[in-house]
Each structure stands twice: as C-alpha cells, then as structure tokens.
Amino acid sequence: MAKITQNSIIQRNDSLVVSTRIGDEMIMMDIEKGNYINLNQTALVIWDQLSSPMHVSKLITYLVNRFHLEDSHCRDETLSCLDEMSIQGLILCE
C-alpha cells in the first residue's frame, strides 16, 4: 500500500462495497470481508469528490474552501481520513 501524500492521485474503489446513505452519513458493507464501514458527513464529502481520479492537493483545497478551514489542519485531517480509507480498501492510490 502506497503512502498517501498531497502529491498522490486517488480514486474511490466502490467496486467492493454496497452502500446506503442515511442523512449526512453513509453505511457501507465490504462484500468480500463482510465488514461494515460508516462514513461521517466529512468523510462522505471526500468520498463524493473521489468519483474520478483526483490529486490529494486539489481535494484539500476543495475542503478548505467548502468548510473554511485552516490549510494545515485540513491537510492533516484529510490525510488521516484517506489513510483510514486506504486501509479499509475504499480508495486506490496511484
């Protein structure tokens, strides 16, 4: 598994999950492992942005502007979220 950085290009890997939206969250099930995954509102915004390949730096800029966040805080939190998504197999990193 490649380390995700601001220079990485990532895309969601929705071929392994079935999902449903409940309010501002999404519940997913990994169809291979049977694990359930819950995406909170912010993770769901990230997930929605990754329908096609995207540079992490562009994603961070989008989130900073959408939520009016400090750049360094947003970068750290986004990279942490992406690392967790990668561990779960939800995203692919080039």
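Start at Trp47: its backbone oxygen lies 3.1 Å from a polar atom of the Arg12 side chain, a polar contact (a pair of N or O atoms within 3.5 Å; within protein, one must be able to donate a hydrogen and the other to accept it, and residues adjacent in sequence count only if both atoms are side-chain atoms). This is a predicted model, where local features need pLDDT of at least 70 and side-chain atom pairs count only at pLDDT 80 or more, while totals for chains, interfaces and linings use all residues. Residues are numbered from 1 along each chain as its sequence is written, and side-chain values use heavy atoms, with hydrogens and water left out.

**Around Arg12**

- Arg12 sits in strand S1, residues 9-12; strands (E, at least two residues) and helices (H or I, at least four) are DSSP runs, numbered from the N terminus.
- Setting aside neighbours within four places in sequence, Arg12 is in contact (heavy atoms within 4.5 Å) with Trp47, Asp48, Leu50, Ser51, Leu90 and Ile91.

**Salt bridges**

- The whole structure has four salt bridges, each being a side-chain nitrogen of Lys or Arg within 4 Å of a carboxyl oxygen of Asp or Glu.
- One of them joins the side chains of Arg12 and Asp14, at 3.3 Å from N to O.
- Asp14 is partly exposed, with a relative accessible area of 38%; that label covers the range between buried (under 20%) and exposed (over 50%), using a 1.4 Å probe and protein chains only.
- Arg21 and Asp48 also meet through their side chains, at 2.5 Å from N to O.
- Arg75 forms a salt bridge with Asp76, their closest N and O atoms being 3.5 Å apart.
- Arg75 is partly exposed at 26%, and so is Asp76 at 44%.

**The sheet**

- Three strands make an open sheet in the order S2-S3-S4, with antiparallel pairing; two strands pair if DSSP finds at least two bridges between them.
- S2 and S4 are the edge strands, each pairing on one side only.
- From one strand to the next, the twist averages 20 degrees; axes are lines fitted to C-alpha atoms, for helices over the stretch in contact, and angles run from 0 to 180 degrees between N-to-C directions.
- S2 and S3 run antiparallel and are joined by six bridges.
- Val18 has Met29 in S3 as its bridge partner.

**Helix H1**

- H1 packs on the sheet and touches S2, S3 and S4, with its direction at about 70 degrees to that of S3.
- Its buried residues are Ala43, Leu44, Val45, Ile46 and Trp47.
- Those buried H1 residues pack against S1, S2, S3, S4, H2 and H3.
- At the start of H1, a side-chain oxygen of Asn40 reaches to within 3.2 Å of the backbone nitrogen of Thr42.

**The nonpolar core**

- The largest nonpolar core has 26 residues, and Leu39, Leu82 and Met85 have the most contacts inside it; such a core is a set of buried Ala, Val, Leu, Ile, Met, Phe, Trp, Tyr and Cys residues joined through side-chain atoms within 4.5 Å.
- Two or more residues come from each of strand S3 (25-30), strand S4 (36-39), H1, helix H2 (56-67) and helix H3 (71-87).
- Not counting residues up to four places away in sequence, Met85 touches Leu39, Ala43, Ile46, Trp47, Leu90 and Ile91.
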